[in-house]
Amino acid sequence: MSHLTREEIVDAYVAMLGQEQVLTDEQTLKDNSTDRYYKVETIFGIYSMPLPAAVLKPRSAEEVAQVLRFASEHTLNVVPRTGGSATEGGLETVVENSVVLDGSAMNKVLSIDTVDMLVTAQCGVVLGELEDQLRAMGYTTGHSPQSKPLAQMGGLVATRSIGQFSTLYGGIEDMLVGVETVFPNGEICRIKSVPRRAAGPDIRHLVLGNEGALNFITEVSLKIFPYYPDNNLFYGYLVDDMKTGLEILREVVTQGYRPSVARLYDREDGLYHFSDFSEGRCVLIFMAEGPKGIAQATGAAIEEIVAGVESADRVDSALIEDWFNNLNWDVSKIAEEREEIRETLVNGFTTEVSGNWSVIHDIYESALTRIRAEIPAEFSLLGGHSSHSYLNGTNMYFVYYYKVDVDPTEERTRYHDPIQNIIVEETLRHGGSMCHHHGVGKHRTHFLAEEYGSSLYMLETLKSAFDPAGIMNRGTIFPLES
Ligand SMILES: Cc1cc2nc3c(=O)[nH]c(=O)nc-3n(C[C@H](O)[C@H](O)[C@H](O)COP(=O)(O)OP(=O)(O)OC[C@H]3O[C@@H](n4cnc5c(N)ncnc54)[C@H](O)[C@@H]3O)c2cc1C
């Protein structure tokens, strides 16, 4: 912890950035002390984290560098933040007198380059606003997390986010080409936007998914693609069980087709989202997009594959398109949810894991069976869906809504955390991993310990590999001819 008092911290940053960029009013500090992991508590006005000393709103990478350099010299804890839509405690100010470094005022789209097919934007640009701008020009990033109207560039990269069109476009790691980031010593590092690099490990991965622990992202360059909304094709089917649905997903993807959306909802989650037509069966959804010929070939293959499953029944495409157009969460939906929780005392959360095709159904079954048996909750929904398919497997997005019949501060320890524990344990037991930050944040150390047990050693080795005095093979490095 720092030897500086709150007043000294605030005075130093006001002198550095000016009063306007240093926020210290009590409600702002409270709102910035936590994220949606504590949503029930905050609805009831309970804030259990130490309040940060200040929220800092830098306007440039140089200001970020100054802030971090001072923090580093005085051992201040810094919590990076952009859209504030995190759900996993990544924004908690656990250390006394932390400062929150909020990049949301760095919100300029710097360039849209339709020759190199790149957009470069500052960390505080809201993805939904960027998408609107791009789509008006006939382009898209292909990134569409449900939090698109809220999440900003810095947080999207820092959490290794993934969106609804992932089967075609991938996660943010497949979209990020270049990035500017500031390290804790104030060093500004630029990873340039090139089509490919083959020298050493890919250093973009020191930035992707760092969750604000390693560096502060100030600018990102993402791929852009042509946007062909007129070619979009929607498909919906009802199937009898998850096994059948997962097998259809697997067939489509392993045969080489890339629908942008490929989703399978179990009975419970299906009833929640599609009560007007799901009839208590599992709901399978596809969207094909891109140039006309590709969209149509993908759509034809989906229809042919599903036609081979006798028990599958087609649903009107208009219903699927309609549902899809209302899927994203903006500020008003967050406010609506808070009101609903206050009134009904029913809280909802999600946890998202991944597994190969051969184990994903077992993960799904065993986790739900254990939750039903072990958690003394009154569930209004306990189910799941798959929404990000890869060649070798898919994800399982567990959804649980339960009655908060205890003191709000106990709700997480009584219900939420034990439910997540079971999902994580069953996923690890079957050889799976976390699919994305959203929903497994608090458990990420388990995954790291299990899967990346040697990661610190790997980092040390990486350092020594590029150290002229290191022990690993560096070959001969030729000086450039001048
Ligand atoms: C309704 C809802 C739906 C969601 N749907 C999805 C989804 O479909 N897919 C998905 O992946 N996520 C989803 N999320 C989770 C969340 O929106 C994402 O994790 C998003 O990427 C966070 O972006 P943000 O700008 O809000 O970041 P914040 O909430 O501000 O921060 C998130 C994390 O990133 C770090 N961080 C923020 N900015 C920076 C920066 N500039 N440099 C370094 N670290 C930084 C923070 O310290 C924190 O750990 C959803 C959340 C909600 C509320």
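Colleague: What kind of crossing does H14 make where it passes H15?

Modeller: In this predicted model, H14 passes H15 in a right-handed crossing. Helix H14 spans residues 357-374 and helix H15 residues 411-429; they pack at an angle of about 145°, with their axes 9 Å apart.

Colleague: Which residues of H14 and H15 meet?

Modeller: On the H14 side, Ile363, Ser366, Ala367, Arg370, Ile371 and Glu374 take part, and they meet Ile419, Ile422, Ile423, Glu425, Glu426, Thr427 and Arg429 of H15. By class, this contact has 6 nonpolar, 2 polar and 5 charged residues.

Colleague: Why is H1 called roughly antiparallel to H4?

Modeller: The axes of H1 (residues 6-17) and H4 (residues 61-73) cross at roughly 155° and come within 11 Å. Angles over 145 degrees count as roughly antiparallel, and therefore H1 is roughly antiparallel to H4. Their crossing is right-handed. Ala12, Tyr13, Met16 and Leu17 of H1 make the contact with Glu63, Gln66, Val67, Phe70 and Ala71 of H4. These residues divide into 7 nonpolar, 1 polar and 1 charged.

Colleague: Which backbone atom lies 2.8 Å from an oxygen atom of the ligand?

Modeller: That is a backbone N or O atom of glycine 83. A polar side-chain atom of threonine 159 also lies 2.8 Å from a ligand oxygen atom. The ligand is surrounded by 31 residues, the closest being Pro80, Thr82, Ser85, Ser147 and Ile162.

Technical notes
Residues are numbered from 1 along each chain as its sequence is written. This is a predicted model: local features need pLDDT of at least 70, side-chain atom pairs count only at pLDDT 80 or more; totals for chains, interfaces and linings use all residues. Side-chain values use heavy atoms; hydrogens and water are left out. Axes are lines fitted to C-alpha atoms, for helices over the stretch in contact, and angles run from 0 to 180 degrees between N-to-C directions. Helices (H or I, at least four residues) and strands (E, at least two) are DSSP runs, numbered from the N terminus. Angles under 35 degrees count as roughly parallel, over 145 as roughly antiparallel, 65 to 115 as roughly perpendicular and the rest as oblique. A crossing is left-handed if the near helix is turned anticlockwise from the far one by less than a right angle, and right-handed if clockwise. Contact means heavy atoms within 4.5 Å. Ala, Val, Leu, Ile, Met, Phe, Trp, Tyr, Cys and Pro count as nonpolar, Asp, Glu, Lys and Arg as charged, and the others, Gly among them, as polar. A residue is near a molecule or strand if one of its heavy atoms lies within 4 Å of it. A polar contact is a pair of N or O atoms within 3.5 Å; within protein, one must be able to donate a hydrogen and the other to accept it, and residues adjacent in sequence count only if both atoms are side-chain atoms.
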